[in-house]
Amino acid sequence: MSSPPLRPPSVRLNALATAVPGHDIHHAFIDWATPRLADERVRALFARMAARSGIDHRWSVLPPTPTGGSPVAPGGFYDHPGLPPTSVRMAAYADHAPDLAMQAIAALGDAFDPARVTHIVVASCTGFVAPGIDQILARRLKLAPSVERVLIGFMGCYAGITALRTARHIVRSQADAVVLVVSVELSTLHLQLEDRPEPLLAMLQFSDGAAAGIVSADASGLELGEGISLALEDSAEMIRWDIGDTGFAMHLSGEVPGRLREALAAPPVRERLFGGGTPPLLAVHAGGRSVLDAVEHGLDVPADALADSRAVLARFGNMSSATILFVLAAMIARGAAGQGLAIAFGPGLAAEAIRFDA
């Protein structure tokens, strides 16, 4: 008589920590971008949109100038004819990304024990280096050579969800696994010379940040549930990131919020996400005020349902894949309890989500 199949273990996010650089560049960017708009009416529109962005601070690994100026000031990183080439930006990524990731890992405190780590999953879409960030971190942390590594690259803002889901799959298949999950994004390395309001407003959203977590079968922390993937039809060009000679150029269509609102309001999508109801906790990628407004209206939830996401947007801006982890960290820090859904949006246009129970 055969034994019943073993149930996969319950998987939990045991700890989660975040880190940002110390250089706030938000208002310096607005001061740089505004005079690039030749039409006075367009400048006024840009100023109104910047004021209504819901963002108070954005952080950059790029250091101030010797006189305290921003990266776009004389003597700053971007004080270069035609802007720095991609090679210079990738050299900066190789220098700064591991350091910022290490800050987030250090913030885990005693929850991180390098001797227990069996796997490392790293998400990053704002740069490339080989050996990869996963190898660099493993070496700096003195992880065992046998630690298995996964690098999730260039997926965009929803890669933080993909990292959590990957860690969950690992633990469900190997019950004694301890997975270090890291997201590190240096979006401010990709400033472009633009004189149109749409791309300037897109750049206005982005910031640098890192998050680190421990995922295992240990019975503490936030329980991770089923992952959900949704790709919207006829939307491939709405969010795109093109690698050029001067960094990565973001294309963010103004139609994205409306498309998201329409998609999330559709009964089949709501059924796929919520199974007929809405969980009490919603961790939504803070991709911008208009994105959060679209989610709020598309799902028909109260304004305070996205309070954690709006607070993260205000304090940190959009840190690509790290952002959703910052939102979850904010929920954990305030002691939020109940079933929830974490969801993020990115290139495609697509959504990645994961259920959780706090």
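This section describes the domain arrangement and selected local features of a predicted model.

The domain assignment of the chain gives two parts, domain 1 spanning residues 12-216 and domain 2 spanning residues 222-357. Taken over C-alpha atoms, the centres of domain 1 and domain 2 are separated by 18 Å. Domain 1 brings 53 residues to the contact, and domain 2 brings 48 residues.

The size of an interface is often given as the accessible area lost when the parts come together. For domain 1 and domain 2, the area buried between them is about 4,100 Å², and carbon and sulfur atoms give 65% of this area. On the side of domain 1, Cys157, Tyr158 and Ile161 supply 17% of the area buried against domain 2, which is more than any other three residues.

Polar interactions also cross this interface. The count between domain 1 and domain 2 is 24 residue pairs in polar contact, with both residues at pLDDT 80 or more. Several elements give two or more residues to the side of domain 1 that touches domain 2, namely strand E1 (11-19), helix H3 (86-106), helix H5 (159-173), strand E6 (178-186) and strand E7 (208-216). Helix H5 gives the most to that side of domain 1, with seven residues. By class, the side of domain 1 that touches domain 2 is made up of 26 nonpolar, 18 polar and nine charged residues. Two salt bridges are found across the interface of domain 1 and domain 2. A salt bridge joins the side chains of Arg12 and Glu223, with an N to O distance of 3.7 Å.

Within the chain, helix H4 covers residues 133-140 and contains Asp134. Asp134 has a relative accessible area of 6% and is therefore buried, the limit for this class being under 20%. The side chain of Asp134 makes a polar contact with the side chain of Arg149 at 2.8 Å. Leaving aside neighbours within four places in sequence, Asp134 is in contact with Ile120, Val122, Arg149 and Leu151.

Pro131 is placed in the loop between strand E4 (119-124) and H4, and the peptide bond from Ala130 to Pro131 is cis, with omega near 0°. Lys142 is found in the loop between H4 and strand E5 (148-153). Although Lys142 is not a glycine, this residue has a positive phi of about 60°.

Phe154 lies in the loop between E5 and H5. With a relative accessible area of 29%, Phe154 is partly exposed.

In domain 1, Ile30 belongs to helix H1 (residues 26-33). Ile30 counts as buried at 15% relative accessibility. Not counting residues up to four places away in sequence, Ile30 touches Phe46, Ala50 and Leu204. The C-alpha atoms of Ile30 and Pro268 are separated by 40 Å, and the two residues are 238 residues apart along the chain.

In domain 2, helix H9 comprises residues 289-299. The buried residues of helix H9 are Val291, Leu292, Ala294, Val295, Glu296, Gly298 and Leu299. An α-helix has 3.6 residues a turn, so residues three or four places apart point the same way. The buried residues of H9 pack against helix H7 (256-265), helix H8 (267-274), strand E11 (281-284), helix H10 (307-316) and strand E12 (339-346). Just after H9, Asp300 takes a positive phi of about 55°.

A cis peptide bond is also present between Gly348 and Leu349, with omega of about -10°. Leu349 is found in the loop between E12 and strand E13 (350-357).

Note on methods:
Residues numbered from 1 in each chain as written. Predicted model: local features only at pLDDT ≥ 70, side-chain atom pairs only at ≥ 80, totals over all residues. Heavy atoms only, no water. Domains from an automatic or database assignment. Contact = heavy atoms within 4.5 Å. Buried area = accessible area lost by both parts, 1.4 Å probe. Salt bridge = Lys/Arg side-chain N within 4 Å of Asp/Glu carboxyl O. Polar contact = N/O pair within 3.5 Å; in protein donor to acceptor, adjacent residues only side chain to side chain. Helix = DSSP H or I, 4+ residues; strand = E, 2+ residues; numbered from the N terminus. Nonpolar A, V, L, I, M, F, W, Y, C, P; charged D, E, K, R; others polar. Buried < 20%, exposed > 50% of the residue type's maximum accessible area, 1.4 Å probe, protein only.
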